[in-house]
Amino acid sequence: MHFTINGQSHEVEPDIRTSLLDLLREHVGLTGSKKGCDHGQCGACTVLINGRRVNSCLTLAVMHQDDDITTIEGLGTPDNLSPMQAAFVKHDGYQCGYCTPGQICSAMGMLDEVKKGWGSHVSKDLTNPELTDEEISERMSGNICRCSAYPNIVDAIREVAGADA
């Protein structure tokens, strides 16, 4: 099977029941995406598929052979952090760091959703949502941080989005 992950081509032959998360971690060696709950409830495994955030533990790898898959490793490197990664560091948007890859991938996908004008449950204007703290928190609610770094995560996202406090 052929996969495009972080802009690179990968030929892998996993069992057809392999989740995308297990393909990334066990077959491709990209361990940034974490296996938290393995039920889609924590968001630690969030990756971007064609720019949209997806819990990789809930989707079969075989379904994404023709998709563009981006993991935390594809967003930046330790020597060249993406703006979102740098903002998480600056605002201490991590504690233990376990959820951070999923939080950052989800934040990237969420900002794209806002850019496209997609409303959320708390959007007052469904065609042109304003990126308030409440809006960011609602949109990031699928990503759990057991260390409770939420205010710092919101600050990091707000900085990258250029939104006002």
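Helices (H or I, at least four residues) are DSSP runs, numbered from the N terminus. An axis is a line fitted to C-alpha atoms, for helices over the stretch in contact, and angles run from 0 to 180 degrees between N-to-C directions. The model on screen is predicted: local features need pLDDT of at least 70, side-chain atom pairs count only at pLDDT 80 or more, and totals for chains, interfaces and linings use all residues. Residues are numbered from 1 along each chain as its sequence is written, and side-chain values use heavy atoms, with hydrogens and water left out.

**First stop: the two domains**

Select residues 2–75 for domain 1 and 83–164 for domain 2; these bounds come from an automatic or database domain assignment. Their centres, taken over C-alpha atoms, are separated by 21 Å. Contact (heavy atoms within 4.5 Å) joins 18 residues of domain 1 to 19 residues of domain 2. The two domains bury about 1500 Å² between them, 57% of it on carbon and sulfur atoms. Buried area is the accessible area (1.4 Å probe) that two parts lose on being put together, summed over both. Next, select Arg53, Ile72 and Leu75 in domain 1, which lose the most area to domain 2, together 39% of what that side buries.

**Second stop: H3 and H4**

Select H3 (residues 83–90) and H4 (residues 100–115), which pack at an angle of about 125° with their axes 10 Å apart. H3 is therefore oblique to H4; angles under 35 degrees count as roughly parallel, over 145 as roughly antiparallel, 65 to 115 as roughly perpendicular and the rest as oblique. Show Met84, Gln85 and Phe88 of H3, then Thr100, Gln103, Ile104, Ala107, Met108 and Leu111 of H4, to see the residues that make the contact. This contact of H3 with H4 has six nonpolar, three polar and no charged residues. Here Ala, Val, Leu, Ile, Met, Phe, Trp, Tyr, Cys and Pro count as nonpolar, Asp, Glu, Lys and Arg as charged, and the others, Gly among them, as polar.

In H4, Gln103, Ala107, Met110 and Leu111 meet Ile153, Ile157, Val160 and Ala161 of H6.

Finally, view H3 with H6: their angle is about 140° and their axes are 8 Å apart. Pro83, Met84, Ala87, Phe88 and Lys90 of H3 make the contact with Ile153, Ala156, Ile157, Glu159 and Val160 of H6. These residues divide into eight nonpolar, no polar and two charged.

Definitions and conventions: Helices (H or I, at least four residues) and strands (E, at least two) are DSSP runs, numbered from the N terminus.
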